[in-house]
Amino acid sequence: MGAQDSRTTDSVQLDSVPVDEELVLVFDFGSQTAQLIARRVREQNVFCQLVRHDLSAERVKELNPKGIIFSGGPASVYGPNSPQPDPAIFDLDIPMLGICYGMQVLCRYLGSDVIPGDSREYGRTSCRIHEPDDFFAKLPAEMTVWMSHGDQVDNLNSQFISLAATSTCPFAAVKHRQRPLYGLQFHPEVTHTQLGGQLLSNFVRKICGCKGTWRISSLIDREITSIRERVGSSRVICGLSGGVDSSVVAALLYRAIGPQLSCIFVDNGLLRKGESDSVRKQFQDHFQTDLHVVDASELFLTELAGVNDPQKKRKIIGKTFIDVFRKEAESIEDARFLAQGTLYPDVIESGANADGPAETIKAHHNVGGLPEELGFELIEPLRDLFKDEVRKMGLELGLPEQLIWRHPFPGPGLAVRCLGDITPERLKILREADAILLDELSKAGWYRKVQQAFAVILPVQTVGVMGDGRTYEQVIAIRAVTTDDFMTADWSQLPHELLQSISTRITNSVRGVNRVVYDISSKPPSTIEWE
Ligand code: XMP
């Protein structure tokens, strides 16, 4: 990785870390879970940020962290271009924890060997602790841990001792005899490692001596200061979608620059029932600033007429959105910045840090809403955060709970839930059915128990009976899923009585529907959306 890794330099405003704040740095060696380490440390109320793996020892000294964690990474420490830290880091008297690749880097610098293991070890395994240590406070002698490595430490230098082992890895956890240096071959940051959070807590609190005084409000203050410094007296445009992320960005900006903020909300005609009004109302309740609502529904529906292919729909919606947004943005004078609610998972999934050591897993459809050609400088204040941190921030900023816990709604909206022809009539049926579903889930206390739920209108009609007559009408499918990260998902085991009341209410009150089906597919092999 060269000097061009933008994620760990631009997005981390380390200059603004107050000297009196407890800080832990995570050196990013390219692991997909590096940011997860930072999140787990922040859960301990200790400020933690990801930095480049080669941050100079000099800069580290200035920042004065209470601890350093080396993340894992996909390379081999002995490989030709493997990412390496500034060696002077090891002369600083700062507690360090190396995880997986990070442990191998640490041990290798301090005189141990790293060799390819007999076979790649991947998945859950049992780990036995054989040396008591503060690092293992409140942990059982045996626990399940998550391994993902090919190489491992061998021939441990005599300055170190082994603290724990698995059946194939004698140095699952190690410690320097005199200095506060630790290594873990497994990944404590992932939930598959039982009590991994406790282990990181022990490192941060017992080994680094942190008290845990940091709060999400400090992050809000930091972001506000940095937004003010960056924006000066310019105007910032923020696209509102009605979802959590863009609302939190707007609330943050409103706090930072008040009247210099202009928000644009595009009604694409593919929103849920009452959504346009509720965004307007929510906005007026919370921000007294410039709101532009653009009703472009006719344009979108004309462009989508006769289009059935899901990817074509997405392309048309994406392009039309940019055209509409651009036109409105151009009408706003002095606008120099565009604020977006990009979250950390979007950054990692889109491979936006592709010049860093991380390998890209998948290109995700949530990213790339507005292109660079719009000519604005981007402000992405949520770029280092996970969804649950964004929710906390939103609550702290005074946004209503109802908004904070809203299920995600895809950019192309109902277009990808209206299978077959997208017409105003079919959208109306879908909206009504969807509203009933969400209402029934809320009334039954199930809305917060599922992560996403929606109705889909199918491109077929089926036969039914109503009174004495035969009907030939639309079918509504109901989808409800539980998921941690939307990459995999299970269908929700909704109670039968709830399904029954949803179905009865839809067929009784939505004209044109005579059948309701429940989707019992998991992801994979299905996806959450039907298109
Ligand atoms: P899938 O259907 O891929 O969805 O399992 C995973 C998550 O992504 C959302 N999704 C989208 N979001 N634009 C978006 O902004 C899209 O084109 C899109 N397609 C799917 C989906 O709602 C779920 O939360």
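Q: At what angle do helix 9 and helix 10 pack?
A: In this predicted model, helix 9 (residues 297–304) packs against helix 10 (residues 310–330) at an angle of about 150°, and their axes are 10 Å apart. That angle makes helix 9 roughly antiparallel to helix 10.

Q: And which residues make the contact between helix 9 and helix 10?
A: Helix 9 contributes L299, F300, E303 and L304, while helix 10 contributes K313, I316, I317, T320, F321 and V324. Sorted by class, this contact of helix 9 with helix 10 has seven nonpolar, one polar and two charged residues.

Q: Is the crossing of helix 9 and helix 10 left-handed or right-handed?
A: Helix 9 passes helix 10 in a right-handed crossing.

Q: OK, then what about helix 14 and helix 15, at what angle do they pack?
A: Helix 14 and helix 15 pack at an angle of about 150°, with axes 10 Å apart, and they are therefore roughly antiparallel to each other. The crossing in which helix 14 passes helix 15 is right-handed.

Q: Which residues meet there, in helix 14 and helix 15?
A: On the helix 14 side they are A433, I436, L437, D439, E440, L441 and K443, and these meet L498, S501, I502, R505, I506 and S509 in helix 15. By class, the residues of the contact of helix 14 with helix 15 divide into seven nonpolar, two polar and four charged.

Q: What do the side chains of D439 and R505 do?
A: The side chains of D439 and R505 meet in a salt bridge, with 2.8 Å from N to O. Because D439 lies in helix 14 (residues 424–443) and R505 in helix 15 (residues 496–509), the pair ties together parts that are 66 residues apart in sequence. D439 is partly exposed, with a relative accessible area of 30%, and R505 also counts as partly exposed, at 30% relative accessibility.

Q: How many salt bridges does the structure hold?
A: The structure holds 25 salt bridges. One of them joins K387 and D245, whose closest N and O atoms are 3.1 Å apart. K387 lies in helix 12 (residues 387–396) and D245 in helix 7 (residues 244–257), so this pair ties together parts that are 142 residues apart in sequence.

Q: Which residue does D54 form a salt bridge with?
A: D54 forms a salt bridge with R52, and the closest N and O atoms of the two are 2.9 Å apart. R52 is buried, at a relative accessible area of 12%, while D54 counts as partly exposed at 29% relative accessibility.

Q: Changing topic, where is F135 found?
A: F135 is found in the loop between strand 5 (113–129) and strand 6 (142–154).

Q: Why does F135 count as buried?
A: F135 counts as buried because its relative accessibility is 0%, and the cut-off for buried is under 20% relative accessible area.

Q: So what does F135 touch?
A: Leaving out residues up to four places away in sequence, F135 touches L97, L163, Y182, L184, L199, N202, F203 and I207. Of these, L163 is 28 residues from F135 in sequence, and the two are 9.5 Å apart in space, C-alpha to C-alpha.

Terms used. Residues numbered from 1 in each chain as written. Predicted model: local features only at pLDDT ≥ 70, side-chain atom pairs only at ≥ 80, totals over all residues. Heavy atoms only, no water. Axes fitted to C-alpha atoms, helices over the stretch in contact; angles between N-to-C directions. Helix = DSSP H or I, 4+ residues; strand = E, 2+ residues; numbered from the N terminus. Parallel < 35°, antiparallel > 145°, perpendicular 65-115°, else oblique. Left-handed = near helix turned anticlockwise from the far one by under 90°. Contact = heavy atoms within 4.5 Å. Nonpolar A, V, L, I, M, F, W, Y, C, P; charged D, E, K, R; others polar. Salt bridge = Lys/Arg side-chain N within 4 Å of Asp/Glu carboxyl O. Buried < 20%, exposed > 50% of the residue type's maximum accessible area, 1.4 Å probe, protein only.
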